[in-house]
Amino acid sequence: LIMLDIRPGEAINDGKLASFAPQLGPDERLRHQRFLRPARAREFLLGRMLLRHAARHLLGPAAAYIDVVEGNHHVPLVSFPALFSTPDFHFSISHSRGWIACLASTTCTVGLDIESRMCARDVDELSAAAFDDAQQKWLAGLDRQHREEGFYRLWNNQEALYKLRGNLAGEVD
């Protein structure tokens with residue numbers, strides 16, 4: 001697991017960020033250019049750099065030639081054309097309010113989600129829209145002090161499982 005803090009004031013300046021852009025593949029470049037919000041473009045670019053770093057860390061220098069194309073629903077698909085055989089390489093990327101994370105493995109499929117807590121969120125209202133009856137009942141059974149924490153744990157677990165299932169089917173990052 002690699003996490004990167006890109007909140008304002010952290011050590012990644014615009015010059016360093018611009019030096020990463022040429023490493024993107026053609027599909028990634030097109031998507032990167034389409035972001036309207038600079039913060040989202042920054043998260044995208046740094047998430048893809050974390051993915052490349054994880055590949056090199058797990059697979060060695062040959063993984064520097066990683067190809068990433070945009071799959072369905074903007075899911076990154078990875079290939080390694082410079083390697084003679086396709087290695088087992090599984091990954092999941094997540095970002096939330098200035099944090100980016102990449103989890104990668106050569107032994108098992110993975111799913112990851114991170115979520116920053118937002119003070120203004122109505123967790124009861126969101127729970128009604130996002131969770132099934134059993135999950136809502138469990139959450140409602142928590143005292144007010146622990147309900148927000150329970151909401152985020154349940155939300156993160158569901159998102160990570162969704163990504164894991166998608167990765168098992170080859171569809172989600």
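This report describes a helix pair and the nonpolar cores of a predicted model.

## Basis of the model

Residues are numbered from 1 along each chain as its sequence is written, and side-chain values use heavy atoms, without hydrogens and water. In this predicted model, local features need pLDDT of at least 70 and side-chain atom pairs pLDDT 80 or more, while totals for chains, interfaces and linings use all residues.

## Helices α2 and α3

Helix α2 (residues 26-34) and helix α3 (residues 38-59) are DSSP runs (H or I, at least four residues). Their axes, lines fitted to C-alpha atoms over the stretch in contact, come within 8 Å and cross at roughly 155°, on a scale of 0 to 180 degrees between N-to-C directions. Therefore α2 is roughly antiparallel to α3, a term for angles over 145 degrees.

Contact means heavy atoms within 4.5 Å. Glu28, Arg31 and His32 of α2 meet Arg40, Ala41, Phe44, Leu45, Arg48 and Arg52 of α3.

## Nonpolar cores

A nonpolar core is a set of buried (under 20% relative accessible area, 1.4 Å probe, protein chains only) Ala, Val, Leu, Ile, Met, Phe, Trp, Tyr and Cys residues joined through side-chain atoms within 4.5 Å. The largest one has 22 residues, and Leu46, Leu51 and Phe89 have the most contacts inside it. Two or more residues each come from α1 (14-20), α3, β4 (90-96) and β5 (99-105), strands being DSSP runs (E) of at least two residues. Helix α3 gives the largest share, seven residues.

Beyond its neighbours within four places in sequence, Phe89 is in contact with residues including Leu51, Ala54, Leu58, Val78, Phe80 and Ala104. Another core, of six residues, lies apart from the largest one and includes Phe131, Leu139, Phe151 and Tyr152.

Key:
Angles under 35 degrees count as roughly parallel, over 145 as roughly antiparallel, 65 to 115 as roughly perpendicular and the rest as oblique. Buried means under 20% relative accessible area, exposed over 50%, partly exposed in between (1.4 Å probe, protein chains only).
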